[in-house]
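Here is a walk through one protein structure. Keep the sequence and the 3D view side by side as you read.

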Amino acid sequence: MATLGSAEARLGMPGLPDTATAVAAGVPEPGPMVPAPFTLVSKRQDTLDTWTLQLRPRTGEGLAFAPGQFTMLSAFGTGEVPISISGGGGWDAGDGPLVHTVRAVGLATQAICQAPIGSTLGVRGPFGQPWPVEQLTGADVLVVAGGIGLAPLRPAILALLARRERYGRLVLLYGGRDPDQLLYGDELCEWERRGLDVVVTVDSAGPEWLGHVGVVPRMVRRASFDPANAAALLCGPEVMMRFTVSALAGAGVGSDRVYASMERNMQCGIGHCGHCQLGPTLVCRDGPVYRWSELERWLAIREL
Ligand SMILES: Cc1cc2nc3c(=O)[nH]c(=O)nc-3n(C[C@H](O)[C@H](O)[C@H](O)COP(=O)(O)OP(=O)(O)OC[C@H]3O[C@@H](n4cnc5c(N)ncnc54)[C@H](O)[C@@H]3O)c2cc1C
Ligand code: FES
């Protein structure tokens, strides 16, 4: 597959100039800071404020990425934001489109979620370090997600299930604010059928909800796994991840076997601007996935 930095991603496109003409006309040359045009081919509303978008490159092949990586996604004229890749390519059906699940919280994410089908969005990437899925062979794996945090974990879940026989127990602990905020409802059942123990909990619910009520870290004790041979992948609000790490430590899973995806404000996405600094690291380059034992001392430092 081509990567988005490749010239093919932007050349020979109907309506766009070739390189020589483009350079002469002052159009930026291809590179990691130049967004590639992707067409929005479908969108699904998951919750009141969250949409799952499917994108295909206007030209060239799909995007090669590893679970846990992100792109810088833009709706032209409204800004560019880091969004995790939640599907696409080999982990979904065949040559699947690039999938992003986006929560509309501000100007850029609202414009991205409101973009009509057929419109063009800008994509740079993929960037960042992935989940260490390949290194977990033989282990019990706990996937712990809060809210939109399930989106960056979805490709990891699909990769684990694609080679189900390589792993021990696979458990998903997933929490949302209320039942209406839960993502990927149909897929949760499908994943369970394929060998993932799914435990869903909500912070609050009406009497019609028959599932768990309570915060995600409390579900750790309900999960069935061998602590001596377990690893965990975490994504969600930082406070949720901190309490989950404590619960895992209480169950015997050390922080050197816990991996977390971190969010920081980003601009360049490629380690140049320093906006995403976390301790001595840059989240866009050294993260967003970190081993928690390396992360905890930097999280203890108060940001100015
Ligand atoms: C590596 C990475 C992966 C991400 N993956 C996803 C994803 O898959 N889906 C998704 O919906 N969002 C994801 N985010 C968060 C997303 O980038 C922010 O919601 C977005 O930047 C907000 O931009 P805006 O212009 O819409 O809102 P703004 O107007 O910039 O902000 C609106 C509100 O969101 C808060 N906010 C802004 N940036 C962030 C941030 N980086 N993290 C947390 N809160 C923020 C602001 O404090 C403010 O309260 C990810 C962030 C990172 C760093
Ligand atoms: S976003 Fe610029 S250095 Fe990370």
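A word on the model itself. This is a predicted model. The average pLDDT of the protein is 89, and 87% of the residues score at least 70. Residues 1-20 are another matter: there pLDDT stays under 50. For this stretch the model has 37 contacts beyond four places in sequence.

Next, the sheet under those helices.

Look now at an antiparallel pair. Strand 3 (residues 70-74) and strand 4 (residues 80-84) are joined by five bridges. Ser74 has Glu80 of strand 4 as its bridge partner. The two strands form a hairpin, with five residues between them. In the turn sits Gly77, which has a positive phi of about 90°.

Step back to the whole protein. Its secondary structure comes to seven helices and 16 strands. Of its 304 residues, 49% are buried. Among contacts with a separation of 6 or more, 69% are between residues 24 or more positions apart. The accessible surface is about 13800 Å², and carbon and sulfur atoms account for 53% of that.

Charged side chains come next. Side chains of opposite charge can pair when their charged atoms come close. Here the count is twelve salt bridges. One of them joins Glu134 and Arg163, at 3.7 Å from N to O. Glu134 lies in the loop between strand 7 (120-127) and strand 8, and Arg163 in the loop between helix 3 (150-162) and strand 9, so the pair ties together parts that are 29 residues apart in sequence. Glu134 is exposed, with a relative accessible area of 52%. Arg163 is partly exposed, at 36%.

Another salt bridge links Asp140 and Arg169, whose closest N and O atoms are 3.6 Å apart. Asp140 belongs to strand 8, while Arg169 is in the loop between helix 3 and strand 9, so this pair also ties together parts 29 residues apart in sequence. How accessible is Asp140? Its relative accessibility is 6%, so Asp140 counts as buried. Arg169 is partly exposed, with a value of 39%.

Finish with Arg154 and Glu187. Their side chains meet in a salt bridge, 2.9 Å from N to O. Arg154 is in helix 3 and Glu187 in helix 4, so the pair links distant parts of the chain, 33 residues apart. Both residues, Arg154 and Glu187, are buried. Salt bridges can also share partners: in this way Glu134, Arg163 and Arg166 are joined into one network.

Technical notes. Residues are numbered from 1 along each chain as its sequence is written. Chains are lettered from A and ligands numbered from 1 in the order in which they are written. This is a predicted model: local features need pLDDT of at least 70, side-chain atom pairs count only at pLDDT 80 or more; totals for chains, interfaces and linings use all residues. Side-chain values use heavy atoms; hydrogens and water are left out. pLDDT is the predictor's confidence in each residue, from 0 to 100. Contact means heavy atoms within 4.5 Å. Two strands pair if DSSP finds at least two bridges between them. Helices (H or I, at least four residues) and strands (E, at least two) are DSSP runs, numbered from the N terminus. Buried means under 20% relative accessible area, exposed over 50%, partly exposed in between (1.4 Å probe, protein chains only). Accessible areas come from the Shrake-Rupley method with a 1.4 Å probe; for residues, only the protein chains shown count as cover. A salt bridge is a side-chain nitrogen of Lys or Arg within 4 Å of a carboxyl oxygen of Asp or Glu.
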